[in-house]
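Hello,

Here is the structure I said I would pass on. My notes on it follow below.

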Amino acid sequence: EQSHFWRVYKRVAEEHDSEFLEQYTSNMNIVLIFSGLFSAVGTSFIVAMESNFSPDPSDTTNALL
C-alpha cells in the first residue's frame, strides 16, 4: 500500500503535468499556424519574384540590335 506522501505527490504531479501539457499543446498549435502562414506568404513572394530571376530575352535582342 502506498503511503500518504506518494498519493498526494501523484495527485499533484498529475495536475501539474496535465496543465503543462495543455499549455504546451496550445503553444505548439500557435507555432504550427504561424509556420504555415509564414511559409505560404514566403512562397507567394518567391513565385511572384521568380520571373525576375531569369533575364528577359527581349533585352538581349535589343542589345544586339
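**Aromatic pairs and overall form**

Phe5 and Tyr9 lie four residues apart in helix α1, so about one helical turn separates them. Please keep in mind that this is a predicted model. The rings of Phe5 and Tyr9 make a stacked aromatic pair, with 6.2 Å centre to centre and 20° between the planes.

Tyr9 also pairs with Trp6: the ring centres are 5.6 Å apart and the planes stand at 85°, so this pair is edge-to-face. Trp6 and Tyr9 are three residues apart in helix α1, and therefore also separated by about one helical turn. Trp6 is partly exposed, its relative accessible area being 48%. Through these ring pairs, Phe5, Trp6 and Tyr9 are linked into a cluster. Over the whole structure, the search gives five aromatic pairs.

Helix α1 covers residues 4–53 and includes Leu21. Leu21 also belongs to a nonpolar surface patch, together with Phe20, Tyr24, Met28, Val31 and Leu32. The accessible area of this patch is about 600 Å² in total.

As for the chain as a whole, it has two helices and zero strands. Its radius of gyration is 29 Å, whereas a compact globule of 65 residues would have one near 11 Å. Along the principal axes, the C-alpha atoms fill a box of roughly 95 × 15 × 10 Å. Of the 65 residues, 0% are buried. The chain exposes about 6,300 Å², of which 66% comes from carbon and sulfur atoms.

Regards

Conventions. Residues numbered from 1 in each chain as written. Predicted model: local features only at pLDDT ≥ 70, side-chain atom pairs only at ≥ 80, totals over all residues. Heavy atoms only, no water. Patch = residues over 30% accessible without salt bridge, like charges linked within 9 Å, V, L, I, M, F, W, Y side chains within 5 Å. Areas by Shrake-Rupley, 256 points an atom, 1.4 Å probe, with all protein chains shown as cover. Salt bridge = Lys/Arg side-chain N within 4 Å of Asp/Glu carboxyl O. Phe/Tyr/Trp six-rings, centres within 6.5 Å; stacked < 30°, edge-to-face > 60°. Buried < 20%, exposed > 50% of the residue type's maximum accessible area, 1.4 Å probe, protein only. Rg over C-alpha atoms; globule rule 2.2 N^0.38 Å.
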